[in-house]
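Dear colleague,

Please find below the structure that I am handing over to you.

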Amino acid sequence: MAKSANLDPSEWVDRYGDYLFRFAMLRLRDRSTAEDLVQETFLAALKGRSSFSGNSSESTWLVGILKHKIMDHFRHQAREAPLEDGDLREQPDPSSFDRSGHWASGPTDWGGNPADLYREKKFLDQLTKCLAGLSPNLANAFTLREIEGADTGEICKVLNVTETNLWVILHRARMQLRGCLETHWFKKSAGKGS
Amino acid sequence: MLSCKDVTQLLSEAMDRSLPLGKRIGVRLHLLICKFCARYERQLLQIRETVRRLVETEETAGGTLWEPLSEEARARIRKSLRIS
């Protein structure tokens, strides 16, 4: 029997299409880019199917290929859109702190049980929106760190920044994301009395 | 003495690397007396935890966040697989 006998490309789209698409959407947040990368993944898999070792499952193998494509996409984006001035400015949000470095207006109490928020689709939609509102470099750094779970060394290579810069970028991303959620979710739901 | 501005940067850094001992102690002392920075840290960790669970849900349980692959995309991908 041929080595690739346990692969079944004609079934791939039905079996793994949605899974790979969701995996890509979580990281890219753009339907057409995600669709393209899923398609490229299947094509690359088809071409390289003789190299499938069978040590991993078909789906793990496909996700591995997709991950590479996503990293390449981030690499490419980082080259096309170098750091913006704002990405590294020392103070993430000029209104957060006074001149002595104390909170101008501190974070508000989010109340309730925010740990369960991941079950609320509306909150997740808001989170995605807030993430999409960051500058591309901030959003990509946050995505690589918190969604992909990459370590900072790897992220520095992909985004082509120094480690010191990356710490600033991640700090800014987290602070802006937190502020966005507070404004668009927690303050609103407090207003609703829920 | 660390300012709140310094501490927010260090709190974020601490999520990505282990801080040198001096800074770590400075941050912990600050958090004892600063309600806002302590709250800030809690919220950053909550965001991290929420994102982690979101990823888990989307990748294992079958997601709810986005519409699945559209029929057009599905057809396009199938076609491209046949041609090559």
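A residue is called buried if 20 or more other C-beta atoms lie within 10 Å of its own, exposed if 12 or fewer do, and partly exposed in between, with C-beta atoms placed from the backbone. By that rule A:N137 is buried, because 25 other C-beta atoms lie within 10 Å. This is a predicted model, in which local features need pLDDT of at least 70 and side-chain atom pairs count only at pLDDT 80 or more, while totals for chains, interfaces and linings use all residues. Residues are numbered from 1 along each chain as its sequence is written, and chains are lettered from A and ligands numbered from 1 in the order in which they are written.

Chain A as a whole

Chain A contains eight helices and zero strands; helices (H or I, at least four residues) and strands (E, at least two) are DSSP runs, numbered from the N terminus. The order of its elements from the N terminus is α-α-α-α-α-α-α-α. Chain A has 194 residues, of which 36% count as buried. Two residues are taken to be in contact if their C-beta atoms, placed from the backbone, lie within 7 Å. Among contacts in chain A between residues at least 6 apart in sequence, 70% join residues at least 24 apart.

Helices 1 and 3 of chain A

Helix 1 (residues 9-28) and helix 3 (residues 58-80) of chain A have axes that come within 11 Å and cross at roughly 30°. Helix 1 of chain A is therefore roughly parallel to helix 3 of chain A. Axes here are lines fitted to C-alpha atoms, for helices over the stretch in contact, and angles run from 0 to 180 degrees between N-to-C directions. Angles under 35 degrees count as roughly parallel, over 145 as roughly antiparallel, 65 to 115 as roughly perpendicular and the rest as oblique. The crossing of these two helices of chain A is right-handed; a crossing has that hand if the near helix is turned clockwise from the far one by less than a right angle, and is left-handed if anticlockwise.

From helix 1 of chain A, the residues A:Y16, A:Y19, A:L20, A:F23, A:A24, A:R27 and A:L28 meet A:S59, A:L62, A:V63, A:L66 and A:I70 of helix 3 of chain A. By class, this contact has 10 nonpolar residues, one polar and one charged. Ala, Val, Leu, Ile, Met, Phe, Trp, Tyr, Cys and Pro count as nonpolar, Asp, Glu, Lys and Arg as charged, and the others, Gly among them, as polar.

A:N137 lies in helix 6 of chain A. Helix 6 is mostly covered, with nine of its 12 residues buried; among them are A:L138, A:F142, A:T143 and A:E146. Helix 6 (residues 136-147) packs against helix 7 (residues 152-159) of chain A at an angle of about 145°, with the axes 10 Å apart, and the crossing is right-handed. Helix 6 of chain A contributes A:N137, A:N140, A:A141, A:L144 and A:R145 to the contact, and helix 7 of chain A contributes A:I155, A:V158 and A:L159. Five of these residues are nonpolar, two polar and one charged. After helix 6 of chain A comes A:G149, with a positive phi near 75°.

Two loop residues of chain A

Most residues other than glycine have a negative phi. A:R29, in the loop between helix 1 and helix 2 (31-47) of chain A, has a positive phi near 60°. A:R29 counts as partly exposed because it has 17 C-beta neighbours inside 10 Å. A:N160, in the loop between helix 7 and helix 8 (163-191) of chain A, has a positive phi near 55°. A:N160 counts as exposed, with 12 C-beta neighbours inside 10 Å.

The contact between the chains

The contact takes 41 residues from chain A and 40 residues from chain B. On the side of chain B, helix 1 (4-14), helix 3 (35-60) and helix 4 (71-83) each supply at least two residues. Helix 3 of chain B gives the most, with 17 residues. The side of chain B that touches chain A has 15 nonpolar, 12 polar and 13 charged residues.

Helix 3 of chain B has 26 residues and reaches 37 Å from its first C-alpha to its last, close to the expected 38 Å; the expected span is 1.5 Å times one less than the number of residues. Its buried residues include B:C37, B:Y40, B:L44, B:I47 and B:V51. B:G62, which follows helix 3 of chain B, has a positive phi near 85°.

With kind regards
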